[in-house]
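Here are my notes on the model you sent. Please read them with the structure open.

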Amino acid sequence: MLVKDSRGNELLEVIDISEEEAMKHYAPVNHALLIVKIGEKYLLGFNKWRQDWEIFGGCVEEGETLRECIIREAKEELGLSNVEF
C-alpha cells in the first residue's frame, strides 16, 4: 500500500503502462487519478465539500482521452496549466 485516506481508500500500486495499453486491458476506464509524488511522499488534496483528504482526479468525460482527463483535472484541482508527462 502506498497511501491510505481517512475513509480507508487505499492506493495499492502504480502501474506504469501507456494509455493505449490501459484502454486495451482495463476498458472501460471511467476515472483517472493524478498521483503527485514528491520525494518519497504523496500529495493529497483537501476536498472542502466532503471535508476529507483525497487523491486528485475525476471522471473521464465523453469523448475525452485519459491523457486529456488528467490534464483537465490537473488544471481544475491543482491550478496547473502546463502539464507534461
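How many positive and negative side chains does the protein have, and how far apart do the centres of the two sets lie?

1. Charge. The model is a predicted one. The protein carries 18 negative side chains and 10 positive ones. The centres of these two sets are 5 Å apart.

2. Secondary structure. Eight strands and two helices make up the count for the protein. Their order along the sequence is β-β-α-β-β-β-β-β-β-α.

3. Overall dimensions. The radius of gyration is 13 Å, which agrees with the value near 12 Å that a compact globule of 85 residues would have. Taken along the principal axes, the box filled by the C-alpha atoms is roughly 30 × 25 × 25 Å.

4. Burial and surface. Buried residues make up 24% of the 85 in the protein. The accessible surface is about 6700 Å², and carbon and sulfur atoms account for 52% of that area.

5. Contacts. Among contacts in the protein with a separation of 6 or more, 39% are between residues 24 or more positions apart.

6. Aromatic rings. The count of aromatic pairs is one. The pair is formed by phenylalanine 46 and tryptophan 53, with 5.1 Å from centre to centre and 65 degrees between the planes. The arrangement is edge-to-face, because planes over 60 degrees apart are classed that way.

7. Exposure of the pair. Phenylalanine 46 has a relative accessible area of 41% and is therefore partly exposed. Tryptophan 53 also counts as partly exposed, at 47% relative accessibility.

Methods. Residues are numbered from 1 along each chain as its sequence is written. This is a predicted model: local features need pLDDT of at least 70, side-chain atom pairs count only at pLDDT 80 or more; totals for chains, interfaces and linings use all residues. Side-chain values use heavy atoms; hydrogens and water are left out. Helices (H or I, at least four residues) and strands (E, at least two) are DSSP runs, numbered from the N terminus. The radius of gyration is taken over C-alpha atoms; the globule rule is 2.2 Å times the number of residues to the power 0.38. Buried means under 20% relative accessible area, exposed over 50%, partly exposed in between (1.4 Å probe, protein chains only). Contact means heavy atoms within 4.5 Å. Accessible areas come from the Shrake-Rupley method with a 1.4 Å probe; for residues, only the protein chains shown count as cover. Lys and Arg count as positive and Asp and Glu as negative; His and the chain ends are not counted. The place of a charge is taken as NZ of Lys, CZ of Arg, CG of Asp or CD of Glu. Rings of Phe, Tyr and Trp (its six-membered ring) pair if their centres lie within 6.5 Å; planes under 30 degrees apart count as stacked, over 60 as edge-to-face and the rest as tilted.
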